[in-house]
Amino acid sequence: MTTATRSEFDQGIALTRHPEEAGRYEAELGAGWQIGGGVNGGLLLAVAGHALSLEHGQHPDPVSISGYYLSASTPGPATVRTEVLRTGRGLSTGTASLSQDGVERLRVVASHGDLATVEGEVRTSATAPQLPPPDQCIGVEHAPKQLIEQAALLERFDLRLDPATVGWALGQPSGRGRIQGWFRLADGREPDPLLLLLVADALPPVTFDLGLPGWAPTIELTVHLRAKPAPGWLRVVHATRNLAGGYFEEDAEIWDEAGRLVAQSRQLARAPRPA
C-alpha cells in the first residue's frame, strides 16, 4: 500500500500499484464515504489526485484539478488509470480515469506541483468568513437524523457549522444559499493538499439553504490549491448565486488556521427535486 497511517482518510485514498500495467492503481472505496446515492465526489477526486501525485514524483501536490463525474460510484474495488501528458520544471500535467467493473465513474485532468516551494507576494481581496468559535457552532451530533442516514461520511468529520447558516435544519432556510463552518477530521489527521480536495465537497449542499433538501450529485468539480495548509482547523464557506434549469454552481473557499486562503473551488451540480 502507498499509505500506512491509521487515518480513515488515508485508508480511503490508499492505492496499490498494478504489478504489470504502468500507471494503473487499485483502490477500495469504503462505505463510510457515502453520501446520497454514491461515494462522495471530493473523496473520489482525492483518490484520482493521489494516483497522479504518485506518477508525477517530484510534483506531489495538485495545483489545479478538474473532475467530471460520469456515473455514481459505489463502495468496493475501483481502478485508476493515469497518463502523464507533460512534465515541466514547475508543473506536471496528467489525466486519470477511475472506473468500477469496467464502467468509468470519474475523468480527471490535473496539474501538479510542489506547494512546499511556493513563494512570492500574496495579494488578495478575499476575506475569511467570520465564525463563532468551534464550541459555539453546531456539530454533527445535532444534525437531523435523515441527513446522517444520507451521509455516512459525516461521521468521519468534526464539522461545526455556523448557527447563522443552519436554519434549514429547523425548517427555516434563509434563501441566501450559503453554508459555512469549521472542519477537521474526527480522527485528528492534519490537513494537507489531498485532504483539501475532500473538504471542497464536504459541507451539506448549499441547496439546503434554498429550501431544497436532498441529494445534489456533482457534474463537474474544479479545485485550485494555493498553499499547503497549516495544522489545525479549516474554515470553509460554500455559496451559490445561481440555480437555473435544474443545475446550480457551488463556490467554496477553504482557509487554514493561519488565516491563509489555501484552496478555492467551483462545482456544477444537479439541484435536488422539490419534495
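Predicted model: local features only at pLDDT ≥ 70, side-chain atom pairs only at ≥ 80, totals over all residues.

Residues are numbered from 1 along each chain as its sequence is written, and side-chain values use heavy atoms, with hydrogens and water left out.

Strand E8 (residues 103-113) pairs with strand E5 (residues 61-69) in the antiparallel sense over eight bridges; strands here are DSSP runs of E with at least two residues, helices are runs of H or I with at least four, and both are numbered from the N terminus. Pairing requires at least two DSSP bridges between two strands. Ser66 has Val109 in E8 as its bridge partner. E8 is also joined to strand E7 (residues 92-100), antiparallel, by nine bridges, and Ser97 stands opposite Arg107 in E8. The hairpin of E7 and E8 has two residues between the strands, and Asp101 there takes a positive phi near 50 degrees.

Thr165 is in the loop between strand E10 (157-161) and strand E11 (178-185). Thr165 counts as buried because its relative accessibility is 4%, buried being under 20% relative accessible area with a 1.4 Å probe and protein chains only. Leaving out residues up to four places away in sequence, Thr165 touches Arg178, Ile179 and Gln180, where contact means heavy atoms within 4.5 Å.

Key: Buried < 20%, exposed > 50% of the residue type's maximum accessible area, 1.4 Å probe, protein only.
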